[in-house]
Number of protein chains: 2
Amino acid sequence: MLAEEIKQYSIEQLEELAGHLREQLVSAVRENGGHLASNLGTVELTLALHKVFDFPQDKLIFDVGHQSYTHKILSGRDISHIRRKGGPSGFADPEESVFDSFISGHSGNSIAAGIGMCNARDTFGEQYKVISVIGDASMGNGLALEAVFSSEEKPKNFIVVLNDNGMAIDKNNSALARALARTSAKKNYRDFNSFMRRTFKETNAFGRQLRKMKYSIKGWLNKNEFFERCGFKYIGPVDGHSLPELIYMLENIKQLDVPILLHAVTVKGKGFEAAEEDPARFHGVGQNFVGSNNSFAVALGRVLCARAQTDPTLVAVTAAMTEGAGLADFASQFPNRFYDVGICEEYAVTMAAGMARGGLSPVVCLYSTFLQRAYDQIVHDVCLQNLPVIFCIDRAGFVGADGKTHQGLFDLSALRAVPNLKIFAPKDCSEFVDMFDYARSLACPVAIRYPNGYAANLGSRMRINHTMLWETLTEGDGVIVLASGARAVGRALDARRVSGLTNVKVINCRTVKPLDTGVLDRYAGHKIITFEEGYAAGGFGSAVAEYYAQKGEAVQLLLLGAPDAFVAHANAQEQADDALLTSRELAAHIRALAQSE
Amino acid sequence: MLAEEIKQYSIEQLEELAGHLREQLVSAVRENGGHLASNLGTVELTLALHKVFDFPQDKLIFDVGHQSYTHKILSGRDISHIRRKGGPSGFADPEESVFDSFISGHSGNSIAAGIGMCNARDTFGEQYKVISVIGDASMGNGLALEAVFSSEEKPKNFIVVLNDNGMAIDKNNSALARALARTSAKKNYRDFNSFMRRTFKETNAFGRQLRKMKYSIKGWLNKNEFFERCGFKYIGPVDGHSLPELIYMLENIKQLDVPILLHAVTVKGKGFEAAEEDPARFHGVGQNFVGSNNSFAVALGRVLCARAQTDPTLVAVTAAMTEGAGLADFASQFPNRFYDVGICEEYAVTMAAGMARGGLSPVVCLYSTFLQRAYDQIVHDVCLQNLPVIFCIDRAGFVGADGKTHQGLFDLSALRAVPNLKIFAPKDCSEFVDMFDYARSLACPVAIRYPNGYAANLGSRMRINHTMLWETLTEGDGVIVLASGARAVGRALDARRVSGLTNVKVINCRTVKPLDTGVLDRYAGHKIITFEEGYAAGGFGSAVAEYYAQKGEAVQLLLLGAPDAFVAHANAQEQADDALLTSRELAAHIRALAQSE
């Protein structure tokens with residue numbers, strides 16, 4: 001395994017290897033899509049960590065984990081099929097390898113997890129090092145900040161590597177980022193010197209070695225009060241692309257037992273010109289570096305820009321999802337009404353609640369998987385006050401290659417219980433636009449959920465126009481299919497065709513809350529199938545079952561939703577296949593139900 | 001209204017009023033229970049704010065809001081029935097008064113909400129001040145820290161008053177607290193002077209006034225880098241019990257338009273000796289200052305201490321709920337295995353996940369309403385990795401006097417969808433202990449939910465002993481009542497008696513996930529009622545309805561749970577009455593169902 005071999009490598013050999021690794025990274029992302037810029041930025045850092053520490057005895061925790069591809073290669077994983085079904089995941093995952101010490105995907109967990117692992121290690125009297133690698137954008141997340149601030153005493157033999165590339169997914173304008181940037185390389189040189197002398201008094205050749213180093217050491221050590229007050233010995237900034245610097249620092253840090261924060265400055269996209277120049281574009285890309293085609297995100301961007309022309313109260317809020325959520329045009333056309341707060345989902349939601357309280361009409365745009373990070377803020381700050389905040393929930397349903405940490409399968413279950421909140425799920429982009437306008441006309445919180453990827457226009461029989469009524473797409477007196485959400489409705493229409501039964505009534509259940517109880521009452525005596533892409537537990541079908549059960553009405557109802565399991569990376573269609581949520585499966589259910597008594 | 005009258009009051013009159021207010025606070029809390037120490041600590045601060053600013057034109061946002069009683073009195077509310085049904089709430093609430101600008105109850109939202117309100121104000125070109133009052137413990141919450149760090153540019157005319165009483169609900173050992181405490185009163189006096197001269201150059205009499213002041217100004221102004229780097233002009237620390245100091249500072253601050261952080265040092269329990277000496281005891285108290293009698297919390301404390309004797313891997317984690325969750329004895333007996341992380345629910349959960357990953361057996365003890373603040377961490381860090389973390393969820397169901405911000409009604413809906421997680425609900429404390437041991441024997445995450453208050457022992461017919469089976473409490477071939485949770489089971493047994501029907505079968509559905517499908521299959525043809533204290537949407541009854549619907553089985557099922565609305569303060573029994581979840585209501589449903597076809 002490379003991880004073992006490189007222990008013997010010279011700096012020159014490592015630098016040569018770095019070049020090969022970059023080629024592999026570019027090739028793998030070109031083939032499979034993925035996170036390119038962040039991985040190119042951490043090649044040397046990862047090499048240096050593997051050169052100096054002994055994984056998996058020492059524990060390496062990546063925050064977010066989208067920068068862990070080099071680590072995957074070194075620890076024996078073939079990334080040529082990364083993010084494909086059966087290939088390695090795009091994030092670190094202990095189920096995949098013992099070299100991955102903790103799950104990653106959502107930002108900000110690495111320091112808390114690392115402290116927990118240190119606590120366990122110290123309880124058992126074990127000796128390994130715990131190393132958390134966290135980006136500067138993740139460091140601004142509430143979970144990471146809680147971990148940094150919660151206790152002044154940090155565990156020993158705990159090393160946080162702050163991978164500072166000076167940008168979040170989009171631009172990074174946080175106070176934290178500025179504080180880091182202001183770190184002066186000069187003023188604390190004396191502090192550095194005395195700290196190093198004190199610390200390395202055993203290795204008394206240190207002073208001489210120091211002068212021999214070919215690179216400037218002045219920039220390295222810095223008494224950064226921010227971290228020092230929180231119990232870390234701050235060391236840095238260090239050049240995150242200089243293998244000699246990194247290895248030298250890590251070798252020395254390895255001998256310390258105090259909690260360390262090593263501040264490494266890296267360049268996103270390093271070594272691949274296009275990515276260095278436009279790292280945001282190469283943050284997460286599809287195959288052949290093409291951006292994804294997400295119909296709903298495009299539709300959101302368009303309607304936001306259009307409505308903002310005439311409605312000065314309309315503002316958009318996101319948490320580092322500007323590009324992905326379709327907000328780039330709005331951000332450039334209406335910079336004063338656009339709020340990208342960085343990876344701070346909680347702050348995004350509560351700040352939006354404050355804006356709504358003050359009379360604005362905020363649209364909060366988050367992926368389903370990240371929305372769940374602000375669940376309490378949705379409940380407590382928005383819905384309890386019945387504030388007119390619109391949540392545009394992208395990536396709802398199976399998300400494809402990002403896999404199990406990123407699935408958008410929880411939102412309906414968690415949100416359905418929240419009073420005052422209305423929940424919509426459009427069948428296509430045209431309906432989404434109608435819904436968006438309808439939501440703006442309501443004086444209450446509204447969540448609109450939709451999937452990623454291409455969404456066909458399914459045609460309109462009944463526009464959503466100041467009603468909560470469902471739309472009957474095909475008439476018939478046979479099995480009733482209650483489908484909710486774009487993919488489910490599309491598949492239901494397909495399933496009807498596949499089933500060969502022309503009397504199947506497909507209904508577009510575009511409001512999950514409230515339900516169209518008129519429809520439910522009308523068809524209570526019929527054979528009904530509910531169909532959705534979300535966890536069955538607590539989802540749309542569950543709402544239908546509840547409705548009848550709250551009335552005490554016995555109905556013949558078949559509920560189809562995602563089974564009770566986490567769903568690994570694959571493409572979204574494969575994920576639907578595995579969950580038995582395809583049009584073919586639905587057609588089989590329709591036929592079976594039609595033939596039943 | 002007092003708020004208007006005090007504008008004309010002299011300092012002496014205000015000081016006299018402060019004494020009367022304290023009497024009212026003590027009397028109201030003695031009568032109704034509530035938060036005493038925090039309210040006694042903010043009398044002068046609240047008086048000074050009302051003296052200087054013009055509410056509700058200016059906007060006042062309390063963080064948590066448990067310190068808002070004086071504000072309630074000044075703004076015309078009679079607190080003699082505070083926290084009682086129909087009386088004022090124990091927290092700030094815009095539905096109650098226009099003087100409350102934002103909902104409060106959960107910690108850390110005031111800065112985010114304040115920034116949002118400022119953004120709205122500035123969009124509309126309005127002129128009011130926005131003032132957020134936040135305690136030092138809340139300042140360490142992730143949401144507050146995100147708001148502080150997210151953007152370096154804070155809005156103008158925004159004032160954060162940091163109410164620093166140097167303690168969270170229990171002791172406060174956070175890095176943030178220490179950083180605040182270290183603030184030196186002396187070293188930045190020059191900074192202060194030049195800032196004040198620069199700032200108040202219009203009022204050039206300032207320098208002379210300064211020397212006339214009878215109190216030392218040196219301690220006031222301080223260049224606190226922590227906040228300055230985050231875009232606030234830091235002013236303080238100021239004596240939060242000195243009306244002259246407070247009013248003088250606020251008068252001057254009012255003339256500034258820069259974002260200000262005013263650091264006020266207060267004493268919890270101020271003016272009431274017993275509370276000053278033991279503020280933790282007087283943080284939240286019942287009527288006559290008696291602590292609450294929460295049977296499950298007591299049982300948890302006992303079983304934790306007992307099992308910790310023989311199991312060195314057992315550790316307990318909470319987020320500022322040491323007393324309330326029943327952990328005080330464990331904390332003193334096993335200080336090295338007890339982690340109170342302050343008001344950092346997210347950190348608590350992810351840190352516990354790290355400890356579990358490292359081989360420990362963490363028990364995370366949180367109230368239901370605060371658990372929802374760590375929903376994503378439960379999903380992503382614990383359950384996705386299938387780590388053996390036990391969640392002891394206290395205050396599940398109606399919580400009584402704390403009211404709508406604190407209800408424990410969401411947990412089942414949100415948690416049921418999470419794969420790998422098992423969810424239990426004991427009928428009494430004896431069963432809770434069995435469950436706790438059973439949970440420890442499982443290698444997966446487990447959530448155990450139970451209500452506050454007294455819980456009678458309901459007797460055991462079938463101990464939970466390495467099975468997930470439900471317990472049949474009364475035999476019969478009539479209506480089947482599937483009751484989940486201590487209160488529901490107790491009421492179901494009562495309802496059976498009240499109904500006069502001896503053939504009612506009451507089943508203790510002690511595992512919500514997984515369900516006992518053997519029981520459900522056996523009684524599919526019967527008349528079934530599900531009964532629970534939690535939102536019907538996505539809750540236990542919903543799980544039963546889903547189970548049958550996923551099998552496509554038509555059943556006669558009546559689902560009884562909390563209706564889709566937030567539930568205001570009252571006692572827990574009144575809340576159950578209003579939700580139609582009493583034994584009498586259930587008995588009526590049983591009789592009606594028994595007589596139906």
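Author: Before we start, a salt bridge here is a side-chain nitrogen of Lys or Arg within 4 Å of a carboxyl oxygen of Asp or Glu. Also, this is a predicted model.

Reader: Thanks! How many salt bridges does the rule find across the interface of chain B and chain A?

Author: The rule finds four across that interface. In one salt bridge, the side chains of Asp564(A) and Lys513(B) meet at 2.9 Å, N to O.

Reader: And how many residue pairs are in polar contact between the two chains?

Author: The count is 31 residue pairs between chain B and chain A.

Reader: Nice. How many residues does the contact take from each chain?

Author: Chain B gives 104 residues and chain A gives 104 residues. Together the chains bury about 8,500 Å², with 62% of that on carbon and sulfur atoms.

Reader: Which three residues of chain B supply more of its buried area than any other three?

Author: Those are Glu146(B), Tyr347(B) and Leu384(B), with 8% of the area that chain B buries against chain A.

Reader: What rotation superposes chain B on chain A?

Author: A rotation of 180° does, with 0.0 Å of shift along its axis and an RMSD of 0.0 Å. That is how a two-fold axis relates copies. The same surface serves both, as 100% of the contact residues of chain B recur in chain A.

Reader: New topic: how many residues of H24(A) are buried?

Author: Ten of its twelve residues, so H24(A) is mostly covered. Among them are Phe540(A), Tyr547(A) and Tyr548(A).

Reader: What comes just after H24(A)?

Author: Gly552(A), which takes a positive phi of about 70°.

Conventions:
Residues numbered from 1 in each chain as written. Chains lettered and ligands numbered in written order. Predicted model: local features only at pLDDT ≥ 70, side-chain atom pairs only at ≥ 80, totals over all residues. Heavy atoms only, no water. Buried < 20%, exposed > 50% of the residue type's maximum accessible area, 1.4 Å probe, protein only. Helix = DSSP H or I, 4+ residues; strand = E, 2+ residues; numbered from the N terminus. Least-squares fit on C-alpha atoms with pLDDT ≥ 70 in both. Contact = heavy atoms within 4.5 Å. Buried area = accessible area lost by both parts, 1.4 Å probe. Polar contact = N/O pair within 3.5 Å; in protein donor to acceptor, adjacent residues only side chain to side chain.
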